[in-house]
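Thanks for coming. Please have the sequence and the model open.

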Amino acid sequence: MIGKKAYNRVEQKINYLSYNINPLVFIYMRLISSLILFLVLLFCCKYGYIIAPVITIIYYILIEYFVLDKPIKIRSKILENDSLEFFPILLLALKGGRNIRKSLVYTTYIVKNDLSLEFEKVLYDEKIGKSLDEALMRLRTRIPSELVVNMVISIIEANRLGNNINDSINKQLSYIEERKNHKILNSYKIIPLKMALLSLLFVFGVLLLLLISTI
């Protein structure tokens, strides 16, 4: 029997990726494929009784990482980068006197990226009968980035209480921008090391060819 915690964990990860799949399908497919792998290794490999459990455990762990965890990290970065384009336009729309809903309509029309698509789902949910508050709460379950979720929470509070969201959202955007610039700077610092490594590999390859040619 599948544990509730395991089911909820997988379900949340699937929501983050907007996969149209039942969590039980993923859970049972992983179990079945792990069992098949175990049996194949057990009966087809020398020392299968040692290799089979080790490889199966590694496979069982890694399949969730590569199918769910890694794509979630990539999606989180995409949404954070998209927020740098989306939210400034939203703030401008709010400054222009529009309410939350009209500002979202305006911004999703102007900005076209993954985050904008998520807010289009919010507007669609409202269109089919949910309140804007309910639709925004549902959005929170689809966003893997804590920073973007914080900005969504600011919008929810503004919709409920009429709070000014400029400071809270700009703070999150500044943090995302700083972290992005920091990563870019670090990537530039690694370039000389990569060049040196490639040079060493090239020299090693040439020396190896010369050595082989003299044999």
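**Charged pairs and a surface patch**

I start with E80, which is buried, as its relative accessible area is 9%. Buried here means under 20% relative accessible area, exposed means over 50%, and partly exposed is in between, with a 1.4 Å probe and protein chains only. The areas themselves come from the Shrake-Rupley method.

A word on the source: this is a predicted model, in which local features need pLDDT of at least 70 and side-chain atom pairs count only at pLDDT 80 or more, while totals for chains, interfaces and linings use all residues. Residues are numbered from 1 along each chain as its sequence is written, and side-chain values use heavy atoms, with hydrogens and water left out.

Back to E80. What does E80 form a salt bridge with? The partner is R179, and the closest N and O atoms are 2.4 Å apart. This pair links distant parts of the chain, with E80 in helix α3 and R179 in helix α8 (residues 166–214), 99 residues apart. R179 is partly exposed, with a relative accessible area of 29%. By salt bridge I mean a side-chain nitrogen of Lys or Arg within 4 Å of a carboxyl oxygen of Asp or Glu. Helices are DSSP runs of H or I, at least four residues, numbered from the N terminus.

How many salt bridges does the structure hold? The number is 12. Another one joins the side chains of R9 and E64, at 3.1 Å from N to O. Here too the pair links distant parts of the chain: R9 is in helix α1 (residues 4–17), E64 is in helix α3, and they are 55 residues apart. E64 is buried at a relative accessible area of 7%, whereas R9 is partly exposed at 36%. Both residues belong to a network of salt bridges that also takes in K13, R30 and D69.

R138 lies in helix α6 and D125 in helix α5 (residues 114–127), so the bridge ties together parts that are 13 residues apart in sequence. D125 counts as buried because its relative accessibility is 7%. R138, at 39%, counts as partly exposed.

Next, the surface. Which residues gather in a patch of positive charge there? They are K70, K73, K77 and K183. Patches are made of residues with over 30% relative accessible area and no salt bridge, with like charges joined within 9 Å. Lys and Arg count as positive, and the place of a charge is taken as NZ of Lys or CZ of Arg. Helix α3 (residues 48–95) gives the most to the patch, with 3 residues. K77 lies in that helix and counts as partly exposed because its relative accessibility is 48%.

Two further sites. S145 sits in the loop between α6 (132–140) and α7 (146–161). Is S145 buried or exposed? S145 counts as buried, at 1% relative accessibility. A polar atom of the S145 side chain lies 3.3 Å from the backbone nitrogen of V148.

Last, K171 in helix α8. K171 counts as exposed, because its relative accessibility is 62%. The C-alpha atoms of K171 and A196 are separated by 39 Å, with the two residues 25 apart along the chain.

Technical notes: Patches are made of residues with over 30% relative accessible area and no salt bridge: like charges are joined within 9 Å, nonpolar side chains (Val, Leu, Ile, Met, Phe, Trp, Tyr) within 5 Å. Accessible areas come from the Shrake-Rupley method with a 1.4 Å probe; for residues, only the protein chains shown count as cover. Helices (H or I, at least four residues) and strands (E, at least two) are DSSP runs, numbered from the N terminus. A polar contact is a pair of N or O atoms within 3.5 Å; within protein, one must be able to donate a hydrogen and the other to accept it, and residues adjacent in sequence count only if both atoms are side-chain atoms.
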